[in-house]
Amino acid sequence: MSQDMLPQAIKLPQADGNGMLPPIEISPPAVDRLYQRLQSEAESAGYHLNPDAEFTKALVHSLLINEKRYGYPTCPCRLAEGEREDDLDIICPCDYRDPDLEEFGMCFCCLYVDEATAKGNKETHSIPERRTPNKERADSQKPNQIPLPQQLSYPVWRCKVCGYLCAREEPPGICPICKVSKERFERFL
Ligand code: SF4
């Protein structure tokens, strides 16, 4: 996508003659605000942020940088393409958070952890990358053209991040559980 096609709000920064991007300034209050919001959203939905506040705020800082850089907050631990459609699965919270919490007790960046880790009863550690390479991902993300089963009045939509299911004409604008946007839903039935 060319710079001219982007809305002003998400103009990508221009690299200088050495290919270096200008620094992006994020204020400490902005980090604190997002940290508090994520903390409260996580706890109200049964998730937990990493209890190491300094480490977690550093990740929140990176999320804010990515949001300014791309127009959406991509995962601090993964390389974004800069195209929303290609990066949808790694907009935080990513599609891989819940399977990683289930299997390893933490997400790839360790921003979200399980209850035992949040309570200080388990150590954090690095975990393998669950995200598949570009080509496989593109194939698996093709739109789901499931015909509506006869016994259903409405299609069933599934949030790809938290698994929330709902039966309605269109997916909700915001997932009531994990707060991701409508585009993170897929047809389930
Ligand atoms: S949930 Fe964790 S791994 Fe996923 S995008 Fe957010 S910080 Fe990265």
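Two strands count as paired if DSSP finds at least two bridges between them. By that rule, strand 3 (residues 156–159) and strand 5 are joined by three bridges and run antiparallel. Helices (H or I, at least four residues) and strands (E, at least two) are DSSP runs, numbered from the N terminus. The model is a predicted one: local features need pLDDT of at least 70, side-chain atom pairs count only at pLDDT 80 or more, and totals for chains, interfaces and linings use all residues. Residue numbers start from 1 along each chain as its sequence is written.

- Three strands form an open sheet in the order 4-3-5, with antiparallel pairing.
- Its edge strands, each pairing on one side only, are strand 4 (165–167) and strand 5 (185–187).
- From one strand to the next the twist averages 30°.
- Phe185 in strand 5 has Cys159 opposite.

**Helices 1 and 2**

- Helix 1 (residues 28–44) and helix 2 (residues 53–70) have axes that come within 9 Å and cross at roughly 105°. Helix 1 is therefore roughly perpendicular to helix 2.
- Axes here are lines fitted to C-alpha atoms, for helices over the stretch in contact, and angles run from 0 to 180 degrees between N-to-C directions. Angles under 35 degrees count as roughly parallel, over 145 as roughly antiparallel, 65 to 115 as roughly perpendicular and the rest as oblique.
- From helix 1, Ala30, Val31, Leu34, Tyr35 and Leu38 meet Thr56, Lys57, Val60, His61, Leu63 and Leu64 of helix 2; contact requires C-beta atoms, placed from the backbone, to lie within 7 Å.
- The residues of this contact comprise eight nonpolar, two polar and one charged. Ala, Val, Leu, Ile, Met, Phe, Trp, Tyr, Cys and Pro count as nonpolar, Asp, Glu, Lys and Arg as charged, and the others, Gly among them, as polar.
- The end C-alpha atoms of helix 1 are 24 Å apart, which agrees with the 24 Å that its 17 residues should span at 1.5 Å a residue; the expected span is 1.5 Å times one less than the number of residues.

**The ligand shell**

- The ligand is surrounded by 15 residues, the closest being Cys75, Cys92, Cys94, Cys107 and Cys109; a residue is near if its C-beta atom, placed from the backbone, lies within 6 Å.
- This shell consists of 14 nonpolar residues, no polar ones and one charged.

**Backbone features in loops**

- Cys92 and Pro93 are joined by a cis peptide bond, with omega about 0°. Pro93 lies in the loop between helix 3 (84–87) and helix 4 (97–104).
- Cys110, a residue other than glycine, has a positive phi near 70°. Cys110 sits in the loop between helix 4 and strand 2 (112–113).

Key
Contact = placed C-beta atoms within 7 Å.
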